[in-house]
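Please have the model open as you read.

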Amino acid sequence: MSDFTASPYQTTNDKGESIKNEVQKYLVYWYWFALGLIIAIIGAYLYLRYTPKVYNSSAKIKILNKTKGLELPSAAFVFNRSNINLENEIEVLKSLRISEAVVDQLDLTMRFYVEGSVITTEVSQFPFHILKTVSNDSIFKGSSYRIIVKSSAFEVTDSSTHQVLVFPGFDTTKINHNLPFELSLPQNFDISTTEDKVYIVNFSPVSAIANGIKGGIGVNILGTSDLLQLSFTSQSKAKNERVINTLIDVFNEDGINDRQEISRRTIDFIDERFGLLAKELDSIESGIKDYKQKNDIITLESDAELGLSQRTASEQELFTIENQLMISSLLKETIERPNGTSDLLPENIGVSNASINSLITNYNLIALERNNLLTSGGVNNPNVIALSSKLNDLKSNIFVSISSYRKQLEASKMQLARENRKFASQVYQLPVKEKIITDITRQREIKQSLYLFLLQKREEAAINLAITEPSIKVVEYAISNWSPVSPNARSIYIQALAAGLIIPFGIIYLLMLLDTKIKGRDDLLAVNPKVPIVGEIPKVKTDNLIFNDPDDRSVQAEAFRILSSNVNYILPVKVGEAAKVIYCTSTIKGEGKTYVSINLSLALSSINKRVLLIGADLRNPQIHTHINADKDKPGLSNYLHDGAFRWQDALIKGFERHPNHDIILSGTIPPNPAHLLTNGRFSKLIEEAKLEYDYIIVDTAPTILVTDTMLISQLADATIYLARANYTEKKLLNYSKDLFESGKLKNVAYVLNSVDTNKSYGYGYNYGYNYGYGNKK
C-alpha cells in the first residue's frame, strides 16, 4: 500500500475547527431557524395583542404611634420608637373587615367589561349610564348580563337564563323588568361609537369581592423603617388607585376610632359619677344647713385657734387619704362590674399609685389589640385567646394592687385618726356640736374636690376625642405604572426569540442524534481511520449521471477526475505495462458502486487510457441501464459458463465519445454465480485483459449480501469501497473494517458517494471544482 494513508486530509481537526464544524452543521439549516424566529415573533405579537394588560399601582404610608393628644410623650416614646408592631398593622390592613368596607364604599360588587373579538377587557365604567338598583347585602350569588347597544335600543341578555330583553329608546325605566340595574344614555350621545358592541356587567357578593381584594393587596415593609408599601394589580389603573386610596382611608378611620374609644369610655364613666356626686353634695349642704339652724352654730372660739391649726394640717392629710380611698373604691367598683375582659378601664382619674396607673394603661392597650385581632381573626384565634388570658391576669393584678393600696391608706388613716384624737384632747372645750359641723364640712370639701377633679378629666378626654391625630401618615397616594406589569413586551419578545432559536436547534439536534446514517468523511474516519478516503462524490441534481463528455467541466466530472487521480496513489507500482485492476464494491446495494464504476472508468478513459469495465455483479446487474443495452446481451456469465465463448465477443462500446472505453456486461443472470466465479475463467479473463488495457474496472456484488466479491478479491490491485452519505448506516462501516483488518479485501480505500454540497460542513466540494476552468454554459 502507498503512503496515501498519511494524507493531510485525514489529520484530526483542532478544537477551533471542531467548533466551527459543529456550528456549520446547524447553519446549513438556517432557513429553519429563520422560520422559527418569524413564527416566534408573530406568536409573541399575537400574544401581546390579545392578552389583557395588567397594571400595578402602589402607595406608601407611615404608621404613627398611638399617643394621647394632651399628654406629654414619655421617655420610652422619645428614646425608643420600636413600639409599633408592623406585622399586626399589616394583618389589619389585609383583614376581611377592612376589605369589605372598601367594597361597600366603592360599590365594587358591580364590575364592567368590554367584549372584543378575541379578549374581554375590564373597564372602570361604561360609556352610557348604569344605575344599580339593589343593595350590596341583597347580592347572594354571582350574575352576569350582556348589554348590546343597537341602533335604537338596548338589548340585555341574562347569562344564566339566556333571556333577552329589548329596551327601545335606550331607557329601561319605561318597561317593567327584574334587572338589578337601570340603563340610559347621556345627552348628545353618539350611538355610532358603541353600536353593536358587547358590554358585560357582573354582580358578585361582597364577601367574594372582598376576598379578591384581600388576596390581591400586597403590603411590604420598606427596609427597617415604619413605612409600608401597598400595591394592587388589575386590568384598570383607575380601579387600582381607587381601591388603594380607599383602603388607606378606611384603615386610618379604623385606627382613629380605636383610639377615640378610650376617650369615649372615660367621658361616659365621669358622666355617670357626676350624677352621684351631685346628689351627695346636695345632701351634705342640706345637712349642714339643717344642723346649724337647729343648734344655732355660727363660729369657733378664738382660744381654740392654735389647736385647730394643728388639727387642720392633720385633717388635710386625712382628707387626701380619704380622697384616695374614695377614688380607689370607685375604680374597684368599676373593675368588679361584669362587663367582659375586652372593655376598657378609665385612666388618669386621680389614683396616686403609679403601679395601678401603669397596669390600667397596659390593660387598655392589650384590650385594643385584642379587639382588632378579634374582628379579623375570630374568637378562636390563638393570639386572641392569648391576649384574653393576659387581660384576665392584668385585671387580677389591678384588683390586688387596689386592695393593697386601700390597706395602706386605711393604715395611714388610722394613724392620722390617733393624731386627731390627740389634737382633739387639746380643744376638748370646743362644743361637740361644732365638731360635728367640722366633720360634715370636711365631707363636703372632699366631694367638691372630687367633683372638680373629674370635671377637669372630662374636659381633657373631650379635647382628646376632638383632636385625635390620624393613625397613619400618607407618604404617597396610589400611583400607577404607565406600562403594564403583565404581559411584559420586552420579556415576551426575548423569550420568543430564544424559543425561535432553541426549538429548531433542539429538533435538529434530536434528528441528528437519532440519525444513524453517515454524513461525511469524519464518520468514516471515526470508525476506520486506517483506511484512506480517495474521493467524495457530490450529490448532483440532474438526470445525466454519466460522464459522457470527456471535456465535461461540471462538478461531477471534476470529482471523478480527482477520484481517478487519487486512485493512482493507492495502486501498487508494477513493472511493465500490465493493466491495473480496480474493484468497486459496497456493503449493501444502493450505495452507488455501479455509478462510481462507470464514471471512474470514463474519467480514466478521458485521459486517453484504455479502460475495460466489467459487470461482475451477476445477481443484480445495473450497467446496462446506463447505456440502454439489452439486459440479456451475452456477457461475463456467458463467458464463465461456456468454455468456447471468447470474452472479446462480449465487448461493447457504450459511449461514442470514449473510443478507448470497452464494457463487458454481466450477461444472463445465472443460477450459480459463486460457482462460475471460481471455475478459473474469471482469472483467465483478467490476465488476458491486462495485456490489452491500462485499467480494468470491475463492478462487483455487495459484500454483506453475497460472497461473490471475496471469491475473486485476490485478483484486485485496489478495492474501492463505496459508502453513501445519508444512506449507509454507521454500524455497517464496522463490516468494512472487519474485511480490511482480516485481509479479505486487498488495498481498500473508501469513496463517499452522494455528498450534499449545500449541507457540507468541513472539507467538501463546496470549495469549488471549477477553479481555473471558467463557468459551464
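Is Asn-628 buried or exposed? Asn-628 counts as exposed, because its relative accessibility is 74% (buried means under 20% relative accessible area, exposed over 50%, partly exposed in between, with a 1.4 Å probe and protein chains only). This is a predicted model, in which local features need pLDDT of at least 70, side-chain atom pairs count only at pLDDT 80 or more, and totals for chains, interfaces and linings use all residues. Residues are numbered from 1 along each chain as its sequence is written, and side-chain values use heavy atoms, with hydrogens and water left out.

Asn-628 is not a glycine, yet has a positive phi of about 55°. You will find Asn-628 in the loop between α16 (623–627) and α17 (636–641); helices (H or I, at least four residues) and strands (E, at least two) are DSSP runs, numbered from the N terminus.

Asn-747, also not a glycine, has a positive phi of about 50°. Its loop runs between α21 (733–742) and β20 (748–755). Asn-747 counts as buried because its relative accessibility is 14%.

Now look at the loop between β12 (472–480) and α12 (489–514), where Pro-487 lies. The peptide bond from Ser-486 to Pro-487 is cis, with omega near -5°.

Among the residues lining the second largest cavity are Asp-617, His-624, Lys-631 and Asp-699 (a cavity is a set of points on a 1 Å grid over the protein atoms alone where a 1.4 Å probe fits but cannot get out, and lining residues have an atom within 4 Å of a point).

Technical notes
1 Å grid on protein atoms, 1.4 Å probe; cavity = no way out; pocket = protein on both sides within 12 Å on 5 of 7 lines; lining within 4 Å.
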